[in-house]
Amino acid sequence: MVPTVFVAGLFHETHTFLNERTGLDSFRKMALFHGQEIIANNNGSGSPMDGFLSFARERHWHVIPGIQMAAMPSGMVEEEVLNYFREHFFAALEKSWASLNAVYLVLHGAMVCENTHDVEGRVLQELQQFLSSRGKHIPVVAVLDLHANISPLMVENSTCLYAYRKNPHTDAREAAIRAAMLLEKIMMKPGVQQVFHATPYIIPPTGLGTDADPMKAVLHKAATIEAANPEILCINVLGGFAYADIEDCGFSFTCCTRGSAEQAEAWLAELELELTKYLYAAYPEENTLDEVLALTGQQTPVLLIEASDNIGGGTPGDGTGILLPLLAAGKKGVVAVLNDAAAVQECFNAGTGRNVLLRIGAKTDSFHGEPVEFEGTVQNLTDGRFELENKNSHLASITGTHVNMGPCAVVSNKQATILLTTHKTPPMDLGQLRSQGIVPEAAHYIIVKAAVSHKQAYDPVAAASFYIDSPGLCTSNLARLPYRHIGHKIIGLPAKG
Ligand SMILES: [Zn+2]
């Protein structure tokens, strides 16, 4: 039998502490596709959706594409976005449900709306209600980002969740394929159950890289348990997304198994113990810029990691908390990327080769420094489109391999070369710089607005890398954030007594 599988996608990582709201426009800018548009826009794109579609094609599955929506990480999502998704998702299901053998979803797992904190849980619940009210009992499988904040509702209303294993997410497409393989197994032999185990810990993005503990140790133990117990379909280690002020924020585990729930719960409790052992590594220390400038020697380039304005975590990408003091200290050879559409426009108005006096950055809100006065020459004006150098870059998990930064300008003076973008674009691939004529290897200092996702691209060309404590809402110091909804969850290491 050739199965008929309905596929849809809803992908957003929501930073609820930002003032900005994320509306339908942000999704239209990146991905808002209906029906066959999903296939046309994802085939060969390197995205998780591409992974699913290529697997389905290989297996000759009959795929019914519903709706796909994705936007760059940003502030609270407007309810109208969720309503739009619902309307089109259920309209497409209404037409096709009778013929379906399964539903496959590409989700992030950390999307939040003002009145719907658990967006994915709610969508999955409504999907189950839709199916069961029609007497339809079919598997619902979803691939998730490793930063998903899992809720009981998500687990109760899905058959199997499967999360990326790597951060940077170099395995996003592969994870989508593994999730489709699990769906295939479940269609052939139903009878699985999922177990959810939430931990009390909320860990900042800088503590969730999978090449370092605690993730490394916990993922290793999870893989060992998976390998030794054939009844397990998968164990997910979900780092969570710290900047979602919701009840379900935090580090959690799920297990999909053909065995007993009690046994699965025991394994997940073991994994929490493992996490607790390595918790000291989950809240990394950051340096002040002055400390780092005193430390660094002749070897270049030096990466100055501005995790507090981590674009992949939702902040505006126009923070100046490092750039301003670095220029004030008289440093040279600085390379920075700032999202500043107004400054790009000024450069276009002036033209290539002309001198401009700009006030750049810190325009979105008051949390990310002060604007920088920058006088320089417009070196390059482009449409801001580039291809990923690394097709498995973390960025492919969000945008696919074709990236659109909107119109861009490169301005430089004796101290710095600055790439100004119209759409904020996380620094996850060096194609972003090289496509605009910037050679990262020639820089002395590169300011990188990321937590972990830059590592695969930037670490190989860097002489050294330092996390700088600077102002911004993606701070690693979670105690600076005004949490209201997380209950008794733990946001830092207990003080040593
Ligand atoms: Zn992620």
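Analyst: Two strands are said to pair if DSSP finds at least two bridges between them. The model discussed here is a predicted one.

User: Which residue of strand 18 is the bridge partner of valine 334?
Analyst: Strand 18 covers residues 445-448 and runs parallel to strand 11, to which 2 bridges join it. Valine 334 belongs to strand 11, where Val334, Ala336 and Leu338 point one way. Its bridge partner in strand 18 is tyrosine 445.

User: How many bridges join strand 11 to strand 17?
Analyst: One of the places where these strands meet is at asparagine 339, whose bridge partner in strand 17 is threonine 421. Strand 17, made up of residues 416-421, runs parallel to strand 11, and the number of bridges joining them is 6.

User: Why is strand 11 described as largely enclosed by the rest of the structure?
Analyst: A residue is called buried if 20 or more other C-beta atoms lie within 10 Å of its own. Val334, Ala336 and Leu338 point one way from strand 11, while Val335, Val337 and Asn339 point the other way, and all are buried. Strand 11 (residues 334-339) is therefore largely enclosed, the number of its buried residues being 6 of the 6.

User: What is the order of the strands in the open sheet?
Analyst: This open sheet is formed by 6 strands, its pairing is mixed, and the order of the strands is 2-3-1-4-5-6. Strand 2 (31-34) and strand 6 (160-163) each pair on one side only, and they are accordingly the edge strands. From one strand to the next the twist averages 20°, along an order that reads 2-3-1-4-5-6.

User: Which residue of strand 3 is the bridge partner of histidine 34?
Analyst: Strand 2 pairs with strand 3 (residues 62-70) in the antiparallel sense, over 4 bridges. For histidine 34, the bridge partner in strand 3 is isoleucine 67.

User: How far apart do the C-alpha centres of domain 1 and domain 2 lie?
Analyst: The protein is divided into domain 1, given as 4-281, and domain 2, given as 289-480. The distance between the C-alpha centres of these two domains is 30 Å.

User: On the side of domain 1 that touches domain 2, how many residues are charged?
Analyst: The contact between the domains takes 33 residues from domain 1 and 31 residues from domain 2. On the domain 1 side, helix 1 (24-30), helix 3 (48-58) and helix 7 (172-188) each supply at least two residues. The residues of that side divide into 14 nonpolar and 14 polar, and the number that are charged is 5.

Terms used
Residues numbered from 1 in each chain as written. Predicted model: local features only at pLDDT ≥ 70, side-chain atom pairs only at ≥ 80, totals over all residues. Domains from an automatic or database assignment. Contact = placed C-beta atoms within 7 Å. Nonpolar A, V, L, I, M, F, W, Y, C, P; charged D, E, K, R; others polar. Buried ≥ 20, exposed ≤ 12 C-beta atoms within 10 Å, placed from the backbone. Axes fitted to C-alpha atoms, helices over the stretch in contact; angles between N-to-C directions.
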